[in-house]
Every structure is written in structure tokens, then in C-alpha cells.
Amino acid sequence: MKFDLSVTVINGQKALIVQPAIPDDAPQEVKNALATRREANATGVCPACGAVWTRPSRAERREAARRGDPVHLRMEHEDDCSALRVA
Ligand SMILES: [Zn+2]
């Protein structure tokens, strides 16, 4: 799978978003799923299931900053979310 990068601001801090590229030759359902993921990644809210980013705890953020590592945000989609239909 290919990815592209974009930069946004989350809670006043710059964030790098790694987005799945949408292959021209993918089945329409996969294209739709990837488009949903891209929107969820860019906005922080999944348009299909309503999942939102889970922000790391303060301790996790401090530890990442101490190590000089990026902070990763997670989004837990519902099991039947259309964003998961990429296989
Ligand atoms: Zn979702």
C-alpha cells in the first residue's frame, strides 16, 4: 500500500498525517473505505462510525517528548465500520 503525507494542527500542535493512497485500480468498496479513512484521519472523527482519536495520556506524551519520539493517535473504529473494508 502507498501512503501520502499531510500536515495539520491538532490541539495547537503540528501533526503529520500518514494517509493511505487510493489506488486507481482498486475495487470501488476499497476506494470508499480508504476515502473514509482519509477523512477520519484528517478530521479526527470517522464519518462512518463516529470513532474519534484517542489521545495518549499525559505520561505517554511526556515520555514520547523525552525520547524525542512522535506521539501517535489511535482511532478504534466499530467492527462493522465501512472504513475497515479494505481487504
Ligand atoms: Zn469508522
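One caution before we go on. This is a predicted model.

First, the overview. The chain has two helices and four strands. Their order along the sequence is β-β-α-β-α-β. The C-alpha trace spans about 45 × 25 × 20 Å along its principal axes. Of the 87 residues, 11% count as buried. Now take the contacts with a separation of 6 or more. Residues 24 or more positions apart account for 39% of them.

Strand S1 covers residues 3–10. S1 pairs with S2 in the antiparallel sense, over eight bridges. Together the two strands form a hairpin, with two residues between them. Look at Asn11 in that turn. Asn11 has a positive phi of about 50 degrees. Asp4 has Gln19 in S2 as its bridge partner. Val7 stands opposite Leu16 in S2.

Is S1 covered or in the open? The number buried among its eight residues is zero, so S1 lies largely in the open. S2 is hardly covered either: its count of buried residues is also zero, out of eight.

Next, the loop between S2 and H1. Pro27 is found there. Pro27 counts as exposed, with 11 C-beta neighbours inside 10 Å.

Now to H1 itself, residues 28–43. At 1.5 Å a residue, its 16 residues should span 22 Å. The end C-alpha atoms are 22 Å apart, which agrees.

Which residues of H1 are buried? They are Ala33, Leu34, Thr36, Arg37, Ala40 and Asn41. These residues cover an arc of only 155 degrees around the axis, which puts them on the same side of H1. What covers them? Strand S2, residues 13–20, is part of the answer, and so is strand S4, residues 74–75. Turn the helix around. The face away from the buried side carries the exposed residues Gln28, Ala42 and Thr43. Just after H1 comes Gly44, with a positive phi of about 90 degrees.

That brings us to the loop between H1 and S3. Two residues there are worth a stop.

Cys46 is one that lies in this loop. Buried or exposed? Cys46 is buried, because 23 other C-beta atoms lie within 10 Å, and the cut-off for buried is 20 or more. Set aside its neighbours within four places in sequence. Cys46 is then in contact with Thr36, Ala40, Ala51, Met75, His77, Cys81 and Ala83. Glu76 is 30 residues from Cys46 along the chain, with 9.5 Å between their C-alpha atoms.

Gly50 is exposed, because it has 11 other C-beta atoms within 10 Å, and exposed means 12 or fewer. Gly50 and His77 are 27 residues apart along the chain, yet their C-alpha atoms are separated by 7.8 Å.

Then comes helix H2, residues 58–67. Of its ten residues, the number buried is zero, so H2 lies largely in the open. Just after H2, Gly68 takes a positive phi of about 80 degrees.

Last stop, the core. In soluble globular proteins, nonpolar side chains tend to be buried together. Which residues make up the largest nonpolar core here? There are seven: Ala33, Leu34, Ala40, Cys46, Ala48, Cys81 and Ala83. Of these, Ala33, Leu34 and Ala40 are buried residues of H1. Cys46 comes from the loop between H1 and S3. Now Cys81. Leaving aside neighbours within four places in sequence, Cys81 is in contact with Cys46, Ala48, Cys49 and Ala51.

To recap. S1 and S2 form a hairpin. H2 lies largely in the open. And the largest nonpolar core has seven residues, Cys46 and Cys81 among them.

Terms used: Residues are numbered from 1 along each chain as its sequence is written. This is a predicted model: local features need pLDDT of at least 70, side-chain atom pairs count only at pLDDT 80 or more; totals for chains, interfaces and linings use all residues. The expected span of a helix is 1.5 Å times one less than its number of residues. The arc is that of the directions from the helix axis to the C-beta atoms. Two residues are in contact if their C-beta atoms, placed from the backbone, lie within 7 Å. Two strands pair if DSSP finds at least two bridges between them. A nonpolar core is a set of buried Ala, Val, Leu, Ile, Met, Phe, Trp, Tyr and Cys residues joined through C-beta atoms within 7 Å.
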